[in-house]
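I opened this structure to take some notes.

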Amino acid sequence: MIVIAHLSDPHLDGTAVARDRLRRITAYLEAFRTPVDVVLVSGDLADHGDPAEYAELAAELPTDLPVLVLPGNHDVTGPLRNGLASYLDSPGDGHPIHQVRDVAGARFVLLDTSVPGEDYGFLSDDSLAWLSRVLAEPFDGPIFVAMHHPPLDLHHPVMDQWPLRAQEPLAAVLTGKPITAILTGHVHNAVVTSFAGHPVLGAPGIRSTVPLPFEPPTAEGSPIDAEAYPGLALHIHYPGEPLQTFYRFP
Ligand SMILES: [Fe+2]
Ligand SMILES: [Fe+2]
């Protein structure tokens with residue numbers, strides 16, 4: 001059994017509000033009777049990409065668990081690479097920060113869908129070629145492709161403002177590959193859908209939640225609900241069985 005704690009979008013910004021919301025999740029994980037096998041944080045780690053925000057995150061992440069991180073649109077390559085160097089395994093010192101990480105018998109292909117200075121997501125031809133090469137390598141175990149931007153539109157006026165562009169070429173690379181699931185963030189919602197024949201499992205936004213247009217309005221009339229409970233996904237893989245995902249809002 002492999003248990004993945006999938007966190008997303010802590011948006012640390014030096015405020016107690018953001019820090020305390022992440023601490024609700026990390027304190028919950030640290031109280032587990034059996035530790036999870038790996039923690040994945042799928043982007044928007046920092047709110048402004050400042051070095052101090054990455055130092056803050058490094059101080060808040062669990063120290064006794066394997067932790068994987070990947071960039072979101074709020075992250076900035078240089079400060080992220082410097083501040084979270086011990087969490088990364090990605091050659092070079094520039095953009096993008098793609099990684100292949102084997103942890104607890106699972107392979108995590110961590111894609112950097114960020115575009116410097118932009119909020120939409122994009123994977124270049126070079127990135128897609130890299131992904132294609134990685135997925136062609138044999139691996140005896142579950143393979144997860146993780147990325148900040150979901151690879152499909154959610155038909156939501158807020159969440160779809162900054163989508164992943166060029167979705168069709170990504171679909172062409174992923175179709176038919178032995179992928180257990182695509183793990184995403186960015187839209188600040190626990191969302192389950194599919195893309196290119198694979199499950200897409202989105203983690204809730206730790207910093208906030210974006211309600212659907214037909215849900216009750218927030219107290220302030222904002223499209224962002226900053227009061228909704230922070231949450232996470234627990235992806236549980238048993239050999240030879242379909243992946244199971246449990247969502248928690250501790
Ligand atoms: Fe975010
Ligand atoms: Fe984002």
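The entries below follow that order.

Entry one: the metal site. I am working with a predicted model. I asked which residues coordinate the iron ion (ligand 1). I found Asp 9 (OD), His 11 (NE2), Asp 44 (OD) and His 188 (NE2), at 2.0 to 2.2 Å. Along the sequence I read the spacing of these donor residues as D-x1-H-x32-D-x143-H.

Are they buried or exposed? Asp 9 and His 188 are both buried.

Entry two: the geometry. I looked up why the arrangement around the iron ion (ligand 1) counts as irregular. The reason is that its four donor atoms subtend angles of 88 to 176°, whereas a tetrahedral site needs all angles between 85 and 135 degrees.

I noted that the iron ion (ligand 2) lies 3.4 Å from the iron ion (ligand 1). Asp 44 coordinates both.

I traced five strands in an open sheet, in the order β3-β2-β1-β10-β11, with mixed pairing. At the edges I found β3 (67–69) and β11 (244–248), each of which pairs on one side only. The twist from one strand to the next averages 20°.

Entry five: one strand pair. I followed β10 (residues 232–237) against β11 and found antiparallel pairing over five bridges. Opposite Thr 245 in β11 I found His 235.

Notes
Residues numbered from 1 in each chain as written. Chains lettered and ligands numbered in written order. Predicted model: local features only at pLDDT ≥ 70, side-chain atom pairs only at ≥ 80, totals over all residues. Heavy atoms only, no water. Donors = N, O, S within 2.8 Å, 3.2 Å for Na, K, Ca; no water. Tetrahedral: all angles 85-135°; square planar, octahedral: opposite > 155°, others 65-115°. Buried < 20%, exposed > 50% of the residue type's maximum accessible area, 1.4 Å probe, protein only. Pairing = 2+ DSSP bridges. Helix = DSSP H or I, 4+ residues; strand = E, 2+ residues; numbered from the N terminus. Axes fitted to C-alpha atoms, helices over the stretch in contact; angles between N-to-C directions.
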